[in-house]
Amino acid sequence: MKNGCLYIRVSTDDQLELSPDAQERLLLDYAHKNNILINAEHIFYENGVSGRKADKRPAFQQMIALAKSKEHPFDVILVWKFSRFARNQEESIVYKSLLKKNDVDVISISEPLPDGMIGSLVERIFEWMDEYYSINLAVEVTRGMTENAMRGNYQSITPIGYKHTGFKEVPVIDEDNKHIVEMIFRMFNEGVTFNQIARHLNECGYKTVRGSKWENRTVKYILQNPFYIGKVRWNYCDKKANRLRTNDDDNVIIADGKHEPIIDMDTWNATQDKLGKVLLKYTPRDVATCKHWLSGMLRCSVCGSSLGYNRSKSSSGFNCYKYLKGMCSPSHFISERFATNHVIQGIEDKLESLTMYDVNVIHSSKGDEELQRLNKQLAKANGKLLKIKEAYVDGIDTLDEYKENKKRITQEIDIIKNEITALSGSKANLTEEEILQRMTDNMRHALAIIKDENSDYVAKGNALRSIVEKIVYDKPNNSYTFYFQLII
């Protein structure tokens with residue numbers, strides 16, 4: 001009598017395979033009839049796992065490790081089909097060869113093999129067919145899901161603010177969580193940062209749709225998700241590389257959904273416009289993550305590094321962080337009180353003598369980026385027209401479906417063209433007088449916030465960053481050089 005183990009795997013994308021219980025029953029029956037002893041601890045289950053990658057199957061790896069061990073607990077591995085062992089021919093050959101060296105055979109109870117070289121040949125054919133099936137299935141599933149997305153059907157985890165009512169049913173608004181989405185959009189458009197919004201949500205005890213705490217990136221994802229305006233987005237994340245990495249716009253499908261929106265278009269457009277400005281490379285560090293409203297703004301005149309803030313009972317102030325590490329000299333320490341007084345005095349002095357030489361006018365690339373985005377959308381929409389025509393010619397869509405899709409996409413193209421026309425002629429040049437007036441107004445507004453005792457450090461920090469790029473402190477000469485900026 002031989003010792004054996006059972007390997008039972010069921011994947012979520014294969015509708016033709018037996019259930020785990022059915023596989024176990026057939027395998028145990030085979031073992032009993034062929035004098036193979038099976039211990040309960042040597043029955044390995046893998047539920048909802050693909051057979052393409054062995055390193056993604058923990059039960060499989062545990063079984064292989066036992067088979068290689070000195071104890072040699074079993075002589076044979078029983079599977080219902082060879083496809084349960086692996087759907088990758090290369091990995092199948094490697095692992096079977098490894099097991100063979102350890103005197104362990106793999107037997108498919110539903111695919112008996114003849115002896116000798118013919119048996120090895122037939123086994124390789126089974127492996128090739130299993131891999132082909134897996135690859136072909138993935139292609140067909142992707143194609144079907146792409147077509148489904150283009151028709152406005154949602155096929156992913158329902159985002160927060162919505163809930164599923166049943167299989168293939170249209171998601172409906174979750175009244176219990178709807179206010180979280182509305183709160184995120186409202187706070188962001190009021191000037192609250194990603195970090196502050198995430199902090200507020202966590203303090204309120206709210207969780208993400210996956211039950212996790214809120215972070216900057218999850219807040220940003222909500223603000224950029226068109227599902228909240230009634231759209232369906234598909235193929236947004238590059239799942240093969242990293243869930244945090246997004247695909248190019250050309251590969252992302254956005255179609256009209258069938259669900260009710262939570263956010264109106266005016267709020268959405270205002271949010272996207274503000275996001276474009278927030279994500280500019282000129283955006284300073286979020287004040288909410290700093291220790292002081294001047295953190296990150298004061299720079300060392302010797303090495304250009306930031307003056308870090310340190311609070312202590314004896315003296316609180318700023319100093320070059322490279323000096324503290326022995327990488328810069330001399331010390332650029334300045335007390336908190338002197339630093340804040342000098343910054344306020346410097347802004348007040350510049351208000352009286354502001355010239356064009358003092359202002360760095362930064363032309364936002366938002367308009368150009370938006371125009372580029374619209375042109376990509378137009379090209380993608382034209383591509384959709386070709387795809388729906390192919391779907392009709394191939395008999396996938398009926399004539400009525402083709403007409404309806406064509407009408408919808410044509411309307412989408414007209415809207416995009418109108419936006420391109422309006423944006424192309426919207427850029428205006430400001431005169432020097434207008435630039436100075438706008439900069440002066442911004443400086444007065446920022447100064448009022450900084451000097452207001454009721455303003456918190458986040459408000460003060462954001463006010464300073466709206467008019468100043470950096471402030472270089474030269475300790476030997478006790479001077480400050482302000483780099484004022486105006487983003488238009």
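Residues are numbered from 1 along each chain as its sequence is written. Because the model is predicted, local features need pLDDT of at least 70 and side-chain atom pairs count only at pLDDT 80 or more, while totals for chains, interfaces and linings use all residues; side-chain values use heavy atoms, with hydrogens and water left out.

**Salt bridges**

A salt bridge here is a side-chain nitrogen of Lys or Arg within 4 Å of a carboxyl oxygen of Asp or Glu. By this rule the count is seven. The table lists some of them, including the pair of Lys-231 and Asp-256.

| Pair | N to O distance |
|---|---|
| Lys-231 and Asp-256 | 2.5 Å |
| Glu-348 and Lys-451 | 2.7 Å |
| Asp-358 and Lys-350 | 3.4 Å |

The salt bridge between Lys-231 and Asp-256 links distant parts of the chain: Lys-231 lies in strand 7 (residues 231–234) and Asp-256 in strand 10 (residues 253–256), 25 residues apart. Strands are DSSP runs of E with at least two residues, helices are runs of H or I with at least four, and both are numbered from the N terminus.

Lys-231 is partly exposed at 25%, and Asp-256 is partly exposed at 34%.

Glu-348 and Lys-451 form a salt bridge that also connects distant parts of the chain, with Glu-348 in helix 11 (residues 336–353) and Lys-451 in helix 14 (residues 432–451), 103 residues apart. Glu-348 has a relative accessible area of 25% and is partly exposed; Lys-451, at 47%, is partly exposed.

In the salt bridge of Asp-358 with Lys-350, Asp-358 is partly exposed at 21% and Lys-350 is partly exposed at 22%.

**Helix 11**

Which residues of helix 11 are buried? They are Ala-339, Thr-340, Val-343, Ile-344, Gly-346, Ile-347 and Leu-351. Seen down the helix axis, these buried residues fall within an arc of 155°, so they line one face of helix 11. The arc is that of the directions from the helix axis to the C-beta atoms. An α-helix has 3.6 residues a turn, so residues three or four places apart point the same way. The face of helix 11 turned away from its buried side carries the exposed residues Arg-337 and Glu-352.

Methods: Buried means under 20% relative accessible area, exposed over 50%, partly exposed in between (1.4 Å probe, protein chains only).
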